[in-house]
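Hi everyone, thanks for coming. Today I'd like to walk you through a ligand and the pockets of one protein.

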Amino acid sequence: MKSVPFTFEVCIADAILSHYDNHIQRRLSSMKGQFLDQAAYDALLAREDALLYEVYEIKRPEVAGELLHGLSIVHPGKVGDEYYMTKGHFHTVLETAEVYYCLKGQGMMVMETPEGEWAVEPLRPNTVLYVPPRWAHRSVNTSLTEDLVTFFVYPGHAGHDYRTIETQGFRKLVVERDGQPHIVDNPRWLSPEQRS
Ligand code: PAN
Ligand code: ZN
């Protein structure tokens, strides 16, 4: 891929880029075992394989020095009490960071390190979120009416490790209680000691 400067427009109203190379759609069926309420998950899936989130990627060579970037859109909805969210991942190269710029919506970024430290930061329009190296990250849409739209940038060689989160889950979940988002412990989370 030729490295020449380029620009593209971000249309915030429609949450779309004027140019992108890849459009990924993640549906409920690809999130098996990720939501706590398995019965609610099965019931929802029996009705419809809902579209949970979409990613519009600008492709760049996956090498150090390049920056991969694009738009992530998490749609509104819940599985049981738990808001729609991304799968979440560690970067395969753990020592790589990521920047998220929130364009639209209301949400939270749930993060944790392999050692079990955790953090949850708000995502609101015009906020920048820095995910440091080593921190797994998952975006959660805490609005039930509006999309959560973020622009992300991360190193080309970072790679994605989904398996670890699929196995151990995140330490914290974001659920609705009395109409408000709450951060609660994930009873299925495996601590570093339990994993070994
Ligand atoms: C983002 C995420 C995007 C979708 O580009 O990949 O928000 O989330 P999942 O990859 O967890 O399904 C990113 O963090 N890239 O590294
Ligand atoms: Zn990432």
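Let me start with what I mean by a pocket: on a 1 Å grid over the protein atoms alone, it is an open set of points with protein on both sides within 12 Å along at least five of seven lines. And please keep in mind that this is a predicted model.

By that definition, the largest pocket holds about 320 Å³ of space. Its lining comes to 20 residues, and those nearest its centre are Y53, V55, H89, H160 and Y162. Two or more lining residues come from each of β3 (22-27), β4, β9, β13 (136-141) and β14. Sorted by class, the lining has eight nonpolar, seven polar and five charged residues.

So what sits in there? Ligand 1 is in the largest pocket. There are 15 residues around ligand 1, and Y53, E98, Y100, H160 and Y162 come nearest. This shell has six nonpolar, seven polar and two charged residues.

Now for the polar contacts, which I know you'll like. The side chain of Y100 has an N or O atom 2.6 Å from an oxygen atom of ligand 1. For H91, the side-chain N or O atom is 3.1 Å from a ligand 1 oxygen, and a polar side-chain atom of H137 is also 3.1 Å from an oxygen of ligand 1. Taken alone, ligand 1 exposes 390 Å², and the protein buries 96% of that.

Finally, the second largest pocket has about 170 Å³ of space. Its lining includes E57, R60, F152 and H160, with β4, β5 (67-74) and β14 each giving two or more residues.

Key
Residues numbered from 1 in each chain as written. Chains lettered and ligands numbered in written order. Predicted model: local features only at pLDDT ≥ 70, side-chain atom pairs only at ≥ 80, totals over all residues. Heavy atoms only, no water. Near = heavy atom within 4 Å. Polar contact = N/O pair within 3.5 Å; in protein donor to acceptor, adjacent residues only side chain to side chain. Areas by Shrake-Rupley, 256 points an atom, 1.4 Å probe, with all protein chains shown as cover. 1 Å grid on protein atoms, 1.4 Å probe; cavity = no way out; pocket = protein on both sides within 12 Å on 5 of 7 lines; lining within 4 Å. Sits in = over half its atoms within 2 Å of the grid points. Nonpolar A, V, L, I, M, F, W, Y, C, P; charged D, E, K, R; others polar. Points joined across faces, edges and corners; volume = space filled by probe spheres on them. Helix = DSSP H or I, 4+ residues; strand = E, 2+ residues; numbered from the N terminus.
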